[in-house]
Protein chains: 4
Amino acid sequence: MSDESHEHVVPGSEEELDSEDVAGYDFRGDFDFFDMLSSYETTGFQATHLSEAIELIRAMREEGAEIYLTFTSNIVSSGLRETLAYLAREDLVDVMITTSGSITEDVIKTEKPFKMGEWDVDEAEMREQGINRLGNIFVPSDRYVWLESYLNDFFEDFFAEEKIRTPMEFSRELGETLDDEDSILSNAADNDIPIFCPALTDAEVGNFLYYYRQGYDSDIGIEIVDDYDSLIEQGLLADKTGLIVLGGGVPKHHAIMTNLFRGGADYAVYVSTGMEGDGSLSGAPPHEAVSWGKIKQEAKNYVQVEAEATLVVPMLVAGGFKVE
Amino acid sequence: MSDESHEHVVPGSEEELDSEDVAGYDFRGDFDFFDMLSSYETTGFQATHLSEAIELIRAMREEGAEIYLTFTSNIVSSGLRETLAYLAREDLVDVMITTSGSITEDVIKTEKPFKMGEWDVDEAEMREQGINRLGNIFVPSDRYVWLESYLNDFFEDFFAEEKIRTPMEFSRELGETLDDEDSILSNAADNDIPIFCPALTDAEVGNFLYYYRQGYDSDIGIEIVDDYDSLIEQGLLADKTGLIVLGGGVPKHHAIMTNLFRGGADYAVYVSTGMEGDGSLSGAPPHEAVSWGKIKQEAKNYVQVEAEATLVVPMLVAGGFKVE
Amino acid sequence: MSDESHEHVVPGSEEELDSEDVAGYDFRGDFDFFDMLSSYETTGFQATHLSEAIELIRAMREEGAEIYLTFTSNIVSSGLRETLAYLAREDLVDVMITTSGSITEDVIKTEKPFKMGEWDVDEAEMREQGINRLGNIFVPSDRYVWLESYLNDFFEDFFAEEKIRTPMEFSRELGETLDDEDSILSNAADNDIPIFCPALTDAEVGNFLYYYRQGYDSDIGIEIVDDYDSLIEQGLLADKTGLIVLGGGVPKHHAIMTNLFRGGADYAVYVSTGMEGDGSLSGAPPHEAVSWGKIKQEAKNYVQVEAEATLVVPMLVAGGFKVE
Amino acid sequence: MSDESHEHVVPGSEEELDSEDVAGYDFRGDFDFFDMLSSYETTGFQATHLSEAIELIRAMREEGAEIYLTFTSNIVSSGLRETLAYLAREDLVDVMITTSGSITEDVIKTEKPFKMGEWDVDEAEMREQGINRLGNIFVPSDRYVWLESYLNDFFEDFFAEEKIRTPMEFSRELGETLDDEDSILSNAADNDIPIFCPALTDAEVGNFLYYYRQGYDSDIGIEIVDDYDSLIEQGLLADKTGLIVLGGGVPKHHAIMTNLFRGGADYAVYVSTGMEGDGSLSGAPPHEAVSWGKIKQEAKNYVQVEAEATLVVPMLVAGGFKVE
Ligand SMILES: NC(=O)c1ccc[n+]([C@@H]2O[C@H](COP(=O)([O-])OP(=O)(O)OC[C@H]3O[C@@H](n4cnc5c(N)ncnc54)[C@H](O)[C@@H]3O)[C@@H](O)[C@H]2O)c1
Ligand SMILES: NC(=O)c1ccc[n+]([C@@H]2O[C@H](COP(=O)([O-])OP(=O)(O)OC[C@H]3O[C@@H](n4cnc5c(N)ncnc54)[C@H](O)[C@@H]3O)[C@@H](O)[C@H]2O)c1
């Protein structure tokens, strides 16, 4: 019995594998960030995924792929706003897709900063004081007072041309009014990077449109099919496409769904905290999108980094875009 | 030293707490589901949250609160579709907010079922065979062939009245064409339960609108501010409101943001797999919404059940709606 | 171009799949729990996993497999203690493997209950008052004062026989001193179900052993290799084995590692919140254990339910053990 | 009505907060890693936690705190082994606590590397070929054949002195046999850093002890209370203590529980993927430990970074230990 059990416990193996050895960063000597990042390739688990993600971004850029960057609103609430603004400023991405809070908050930050805060507070007291909490970030309500007045002025011009406009027009024309080198909208407008945002009403923009319609002009509206057509066609014209998907939700699906028209994206990098087992779109790993034809299946053209974005996006950008 | 350490290790405590004892279900005798559900109150961790969620739904109903039900698309992909259709059929909720995939998939299911599948498959082969995967659910592509033709017919009628329509009109009029007692859209249309869906383009609806505009009528469009106004006003007119939020994303935020106009929702039940620490809207627990004024702060008027929805929603509905 | 895109978007599919239709519980008519549980099979996502888990437990029982139940300490902190005590009382499982907190807390609960509490409290104030928090469960410190005196008496008898004892002996002999029909230890002792707990020191047991050695007898000790041998041999003698793994950690690995000696477990059901992507043992899904030979690979002999245990274990037990 | 609603929607706020502005890394100019790391402080979400963790490690070091490093086995499977070996080699930590797989794998790696692999493989085929999978890391079984023979030789010497030994002695004496500058055990032995591992049987060590006892000497054993006493006393003697907790499980609890004897750890840094809502010890955030007296409550003496360790530990070490 023991002999048979021993066979089970220590079966042995014959051929040596020819993949790389698992090995981490060597902390001897002076610390070098890019060496550390290279060592992630053979560190295993998510470090390896981060390293693969960087490789894929480099490949997208080498092949001149049309790069889609999608992001959720809280990315802009955080200090990643400045990182994304850099990508827009240097014209390193070609399409942006996001949700409405991103637009609101990028505009506010051109005028007044968000403030560092705490997760664990007396929420009712916060409400009393007019401080809105977003994780460990605080947004005093006077930001929204300012934003309402800024947007009211903008609405007047924006809807003067036409009563029914689109979210892409909205973000572009709003971006044109801004003068801030760290603004995503402003830089995107300057470099003709379209920003798609189908659910434009789902943030303060929607709230202020509500009041604006009540007070000034009840005929104005936001139409969303036009933008969807543009996004599809942008993809159809591209030779190659690459997706950088930060978080999930509508922006992620918008990117992969419209890439379906061209037979799938050529590259995809996801950074997400989503959970595959809930069957959600946000949690779906890139290979699920292959069955739908939304991402192409090739040797190694997609990867997901399971991580909270603030931890890894600066490294991803440093490794994928900053180094030549 | 040892004495001092002992003080640290076994400090003692004086008064006895007057909360309930932790105690689980007693499996002696015949099994009784509702007794088991009651025992969840004192089982601790998420079981207690589920029990609190049921209590809150009962409270919403007793007080005649306007009930908002929000859900992500994958909820409709799953067998929870029939549970939500029950809520609509019995007129147990007042407002529904969702994303576009829900609409697409509810319509398909009136004609052809989704099929049970596997998580772990050869995705490229699936694509070859025209089978789309969504977690452990398979959707053969002929469903979409059928859907396109069904929607094309519908579009003709829908846009005949007016060129620019809204998502709420879309789901209501589409629901009216359906004849299926297990359809969410059909029952909602019958009982005048509005279905909000701002990002209507972000699913096959959008794809088929694209082709329809190319082939038939390029002037049609979907306008989203009108619906947002209706949703706000629905909340302003309500005496009390209660939210049942399944999953996160745009539907969740749409519900809490529009409740801000009335000074916050009176009750909120979240079921979510989201993670608080990523600062996302989807992961934000109900108390974060208190600082924003989106949920009122009262003794015990909100709870989050951290769970994948298919496991708990049938129990939530059985406990909250089925028992008198 | 449009035609080619259309091919991508609506590729069609030929053969119909022969798996079951996705369909949820039918809430029409009187509510029936076991019907609801059956409907989970075709509800998708984790509901389907729960249904598969129940099927596997039934199969284990039909084939007379030796059933290993592993659980983390917090399971015993919660009301699941009574559920596990039921399994021991009715002799429905054959081996238990756990961590040290389980033993401590099961003993305390024979004398004094744990109390329902809150997650969100002033922790320093709690410390002041001698109330220990464990999620939303409170444990007043007087429980540990009582426990120390109870264990001190027990240690005297336990180490009287021999100075060096094992964790399995510890839990058995301690269980024999207890008189509580809802105690896991007491019922396990009555029914000769061994309880393995290699890291016995890692809870209050260890703390009180420390003081006991200082005050009474510095020669006593806990030896762990003997138990490991017994656990291996228990597996070698079994015709078939089935694992029910609640949570991860040492208990989970102890079960799968010792099953390696017999060429793998025949069945495995995991209930876990663990995350695969961190490469942890706790997060590793059952199929990873196949590569190690710790679980056998057959048609459908393992499944993981991604869920917090308090939500699903009562259903698992009701479906797997309670019904004939 | 509208006016009242407006008050709700845009309540305003009076005083400006005096915390720092949220602001991310400025990608203009040359990239500087330590500047990027500094910017994490004001990036929000988990980036801020990482930055706080680095500050706490610096504080631990400045105050000469006794540093406890705890880690799960998969940390050693990954390339973080070399990072931890650096901490041992440079004598930067004072106590290590881990689980048995860490010891096994550190020894193997002194002789043969682990290999990079894939998550998604044919597990039964892997078993056939004798390749064990651990996330995206492969371990060919010949490693265990070698290990058995290495350990058998070692056992002979180790148990020659005495029949009953402890895990701490085991890791120290085993470490002394190793000659590898990247070995945790070897460096720890050289620098007298004790390695605690109560559940020593729960890995291949246990398996080979089983065979060794069968074949050579059935009287040998591993006793665990002695080590627990040493660990407690190490804490009692320390002026200040600081914990660096990578992952959860027994090592994490061992560290905080023994710090209870001294009235709590002075500093704690957790890196974890655990989920608070499951009530687990692994998922419990540092503040839960305050109620138990396991961590002291001071202004800002603990933080948890919610992240998979391979992504952040190299940065933590670079920021906390490498820079002066
Ligand atoms: N079936 C589909 O999922 C599907 C189909 C077509 C289009 N889409 C589109 O994809 C976009 C994104 O989808 P979405 O916004 O509906 O949500 P989503 O799937 O992205 O989920 C959002 C969040 O909700 C939570 N969640 C989701 N499923 C859950 C579950 N089963 N249990 C508990 N929590 C859960 C998770 O935290 C998740 O991150 C939408 O525009 C949608 O129309 C989805
Ligand atoms: N009540 C306590 O938790 C307690 C008390 C005293 C001592 N301890 C000690 O702490 C150490 C670590 O605890 P552990 O090893 O028992 O496990 P753990 O609490 O660290 O959990 C291990 C893993 O199991 C999974 N898990 C835990 N609870 C779950 C749940 N409710 N539902 C689903 N999955 C769940 C999670 O993935 C978790 O990471 C042990 O030595 C134990 O004795 C714990």
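This is a predicted model: local features need pLDDT of at least 70, side-chain atom pairs count only at pLDDT 80 or more; totals for chains, interfaces and linings use all residues.
On the chain A side, a polar side-chain atom of Ser282(A) sits 2.5 Å from an oxygen atom of the ligand. How much of ligand 1 does the protein bury? Taken alone, ligand 1 exposes 820 Å², and the protein buries 96% of that.

Now widen the view to the whole shell. There are 27 residues around ligand 1, and those that come nearest are Ser282(A), Thr99(B), Asp202(B), Gly248(B) and Glu308(B). Because residues from chains A and B surround ligand 1, this site is shared between chains. If you'd like to find the shell by its helices, look for H13 (249-259) in chain A, and for H4 (73-77) and H6 (100-111) in chain B; each supplies at least two residues of the shell around ligand 1. Sorted by class, that shell has 17 polar, 6 nonpolar and 4 charged residues.

Next, hop over to ligand 2. Which chains provide the residues around ligand 2? Here chains C and D do the surrounding, so this site too is shared between chains. The shell counts 27 residues, and the closest are Thr99(C), Asp202(C), Gly248(C), Glu308(C) and Ser282(D).

In the side chain of Glu105(C), an N or O atom is 3.0 Å from a nitrogen atom of ligand 2. Asp278(D) comes in with its backbone, where an N or O atom lies 3.1 Å from a nitrogen atom of ligand 2. Gly274(C) also uses a backbone N or O atom, this one 3.5 Å from an oxygen atom of the ligand. As for cover, ligand 2 exposes 820 Å² when taken alone, and the protein buries 96% of that.

The helices around ligand 2 are H4 (73-77) and H6 (100-111) of chain C plus H13 (249-260) of chain D, each giving at least two residues to the shell. By class, the shell around ligand 2 holds 6 nonpolar, 17 polar and 4 charged residues.

Take chains C and B: 87 residues of chain C are in contact with 87 residues of chain B. Between them, these two chains bury about 7100 Å², with 61% of it on carbon and sulfur atoms.

The interface of chain C and chain B has 10 salt bridges, including one where the side chains of Asp182(C) and Arg28(B) meet at 3.4 Å, N to O. Polar contacts link 48 residue pairs between chain C and chain B, counting pairs with both residues at pLDDT 80 or more. On the side of chain C that touches chain B, helix H15 (residues 309-322) of chain C gives the largest share, 8 residues. That side of chain C is made up of 39 nonpolar, 28 polar and 20 charged residues.

Finally, visit chains D and A. Here 87 residues of chain D are in contact with 87 residues of chain A. The area buried between chain D and chain A is about 7000 Å², and carbon and sulfur atoms give 61% of it. On chain D, the trio of Phe27(D), Phe45(D) and Met116(D) supplies 12% of the area that chain D buries against chain A, more than any other three residues.

Salt bridges turn up here as well: 10 of them cross the interface of chain D and chain A. One of these joins the side chains of Lys300(A) and Glu118(D), at 3.7 Å from N to O. Helix H15 (residues 309-322) of chain D brings 8 residues, the largest share of the side of chain D that touches chain A. By class, that side of chain D has 39 nonpolar, 28 polar and 20 charged residues.

Terms used: Residues are numbered from 1 along each chain as its sequence is written. Chains are lettered from A and ligands numbered from 1 in the order in which they are written. Side-chain values use heavy atoms; hydrogens and water are left out. A residue is near a molecule or strand if one of its heavy atoms lies within 4 Å of it. A polar contact is a pair of N or O atoms within 3.5 Å; within protein, one must be able to donate a hydrogen and the other to accept it, and residues adjacent in sequence count only if both atoms are side-chain atoms. Accessible areas come from the Shrake-Rupley method with a 1.4 Å probe; for residues, only the protein chains shown count as cover. Helices (H or I, at least four residues) and strands (E, at least two) are DSSP runs, numbered from the N terminus. Ala, Val, Leu, Ile, Met, Phe, Trp, Tyr, Cys and Pro count as nonpolar, Asp, Glu, Lys and Arg as charged, and the others, Gly among them, as polar. Contact means heavy atoms within 4.5 Å. Buried area is the accessible area (1.4 Å probe) that two parts lose on being put together, summed over both. A salt bridge is a side-chain nitrogen of Lys or Arg within 4 Å of a carboxyl oxygen of Asp or Glu.
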